[in-house]
Amino acid sequence: MRHALTLIIGVLRRMFASKLAGMLNILVIGIALSLPAGMYVMLQNAQGLVAKLSGTPQISLFLTMEAKTDDIDKLRMQLTEHQSIERVEFIARNQALEQLKKSTGLSDLIGGLQQNPLPDAFIVYPKQEEAQALEALRNELAELPKVELAQLDSAWAYKLEALLKFGRMVVMILASLLSLALVAITFNTIRLQILTQRDEIEVAKLIGATNGFIRRPFLYFGALQGLLGGGMAWLIISVSLILLNWQLAPLSQLYAVQLVLNSLTPGDSLTLLLFSLYLGWLGAWLSVARHLSQIEPS
Amino acid sequence: MISFNQVHKRYPGGYHALKNVSFEVSKGEMVFLTGHSGAGKSTLLKLIAAIERPSLGSLIVNNQNIRVLKERALPYLRRNLGIIFQDHKLLFDRNVFDNVILPLQICGFDYRESHKRVRAALDKVGLLNREKSNPITLSGGEQQRLCIARAIVNRPNILLADEPTGNLDTEYAHEIMAIFKSFHQVGVTLLISTHDEGVLLDTNVRRLTLKHGELQPDSFSAPLTGSDQV
């Protein structure tokens with residue numbers, strides 16, 4: 001065991017003998033991986049935002065200013081009995097104003113108003129979630145008496161969702177291409193390593209080394225290089241997010257909302273590292289399979 | 001141990017390196033293989049180590065048929081052979097000690113045991129004080145001895161040497177021959193190729209002579225096995 005370890009360490013030391021070339025390789029792999037992984041992080045953040053904002057789809061019914069308590073009660077009855085509606089929530093105009101003051105940080109501006117400009121409103125939670133059914137329900141509710149405006153709140157979220165789907169596809173394509181690049185980088189690195197260690201491989205074959213024995217250090221090297229490249233990508237993403245969040249902080253204060261970009265979750269980080277390790281190993285394996293058989297003692 | 005039976009070796013392109021070669025080397029025997037350069041000595045040794053395969057005939061080494069030996073069985077055949085190469089095949093990116101330990105690492109020897117064996121092998125060839133040196137700093141004779149140490153370190157039962165005294169002056173050549181004789185005395189089977197008649201003068205050992213790829217009929221004179229000699 002100790003033997004195998006010293007041997008592998010020795011081989012790896014020789015392979016990393018050129019520190020600059022090794023570092024450059026790792027950097028290239030890191031950058032290549034950080035592009036799709038970084039985009040993925042951004043998408044996850046956008047996704048989180050959409051989920052937080054839209055939640056379940058809802059229709060806001062804004063009532064006319066002259067709607068009285070009777071009208072409101074009648075409307076409430078109608079809505080509760082409607083078969084497409086899960087439940088309704090009433091927001092009185094005063095309550096709405098308070099919420100606005102709290103959530104947007106515009107309290108100074110609102111405080112200066114002579115009268116409350118907000119109408120009473122119902123928030124309707126429909127049973128269905130398909131865009132078409134929601135649209136039909138919205139049109140129906142807009143016709144009800146004393147309803148000024150019926151607004152499908154989550155429409156924009158659906159559009160964003162579609163956009164995110166598009167974004168995910170872009171990430172997938174980018175990730176596939178750059179994974180291929182990683183495999184190619186490792187393939188070539190290992191090819192060069194095999195060429196420079198030609199003598200050693202030949203001698204090892206002559207004194208009874210199995211192919212597995214000769215292959216092993218190259219596979220370890222490829223996997224290690226991939227892993228370090230993945231670590232580099234993780235570092236690039238983490239540092240970038242720290243910088244971005246740093247710039248977001250003043251924005252958050254200005255808009256009085258919580259704007260923070262989340263970094264990779266531990267699970268995602270692990271996936272990134274394992275994936276890069278696997279790709280490095282794969283590149284090495286392909287290279288070794290291709291080039292090692294060409295070296296036979298003569 | 002080694003048995004050639006009507007072995008031919010023809011290279012692609014038509015060169016007929018060995019023609020109908022038949023002989024046997026029994027366990028513990030020490031045999032010299034002589035002949036002019038280009039007679040087929042190196043080819044014959046390469047066949048034994050399965051670096052080349054016979055075109056025709058049967059070749060048995062350590063009870064293994066070289067002609068049909070599977071690719072993945074090759075390493076295990078070679079682990080029982082110690083090969084001393086004409087061009088040494090030393091690795092200049094590591095020191096003397098690490099060159100010699102390589103076969104033991106390949107066979108997966110225990111760490112402590114292998115260190116002991118490497119020192120013993122280096123001691124045997126008189127290079128123990130050079131274990132930290134790079135092989136490039138060694139003289140021709142020392143490099144040859146290093147190659148011998150690497151060949152014997154995992155105690156193979158057959159030792160093949162291709163022109164081990166080729167580029168050495170007489171004094172060095174005799175030293176190397178003395179080392180081989182000491183292996184012979186402990187029961188190792190040796191097959192040593194040389195075109196250097198001077199080395200053979202004072203030895204009373206079986207000789208195989210190749211001429212243009214054919215074994216000469218008078219080659220079987222003066223056979224001497226290990227037990228006879230002692």
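Which residue in β2(B) does B:Lys9 stand opposite? It's B:Leu18, and we'll come back to that pair below. What you have here is a predicted model, where local features need pLDDT of at least 70, side-chain atom pairs count only at pLDDT 80 or more, and totals for chains, interfaces and linings use all residues. Residues are numbered from 1 along each chain as its sequence is written, while chains are lettered from A and ligands numbered from 1 in the order in which they are written.

**Chain A as a whole**
- Chain A has 10 helices and four strands; helices (H or I, at least four residues) and strands (E, at least two) are DSSP runs, numbered from the N terminus.
- Along the sequence, the pattern of chain A goes α-α-β-α-β-α-α-β-α-β-α-α-α-α.
- Its radius of gyration is 31 Å, whereas a compact globule of 298 residues would come out near 19 Å. That radius is taken over C-alpha atoms, and the globule rule is 2.2 Å times the number of residues to the power 0.38.
- The C-alpha trace of chain A spans about 100 × 40 × 30 Å along its principal axes.
- Of the 298 residues in chain A, 26% are buried. A residue counts as buried if 20 or more other C-beta atoms lie within 10 Å of its own, as exposed if 12 or fewer do, and as partly exposed in between, with C-beta atoms placed from the backbone.

**Where the two chains meet**
- On the chain B side, 18 residues are in contact with 16 residues of chain A. Being in contact means that the C-beta atoms of two residues, placed from the backbone, lie within 7 Å.
- Three helices of chain B, α2 (74-78), α3 (96-107) and α4 (111-124), each supply at least two residues of the side that touches chain A.
- The most comes from α3(B), with five residues.
- By type, the chain B side splits into 11 nonpolar, three polar and four charged residues. Here Ala, Val, Leu, Ile, Met, Phe, Trp, Tyr, Cys and Pro count as nonpolar, Asp, Glu, Lys and Arg as charged, and the others, Gly among them, as polar.

**A closer look at α3(B)**
- This helix is mostly covered, with nine of its 12 residues buried.
- Among those buried residues are B:Val96, B:Asn99 and B:Gln105.
- After α3(B) comes B:Gly108, which has a positive phi near 75°.

**The open sheet of chain B**
- Four strands of chain B line up as β2-β1-β4-β5 in an open sheet with antiparallel pairing. Two strands pair if DSSP finds at least two bridges between them.
- β2 (16-25) and β5 (64-65) of chain B are at the edges with a single partner strand each, so one side of each has no neighbour in the sheet.
- Six bridges connect β1 (residues 2-10) of chain B with β2(B), in the antiparallel sense. Here's our opening pair again: B:Lys9 opposite B:Leu18.

**Strand β8 of chain B**
- All six residues of β8(B) (residues 189-194) are buried.
- Both faces are covered, with B:Thr189, B:Leu191 and B:Ser193 on one side and B:Leu190, B:Ile192 and B:Thr194 on the other.
- β8(B) pairs in the parallel sense with β3 (residues 30-35) of chain B over five bridges, and B:Leu190 is the bridge partner of B:Met30.
- β7 (residues 158-162) of chain B also runs parallel to β8(B), joined by five bridges, and B:Ile158 has B:Thr189 as its bridge partner.
- From β7(B) the chain passes through helix α6 (residues 170-185) to β8(B) in a right-handed β-α-β crossover. Right-handed means that, with the strands pointing away from the viewer, the path from the first strand over the helix to the second runs clockwise.
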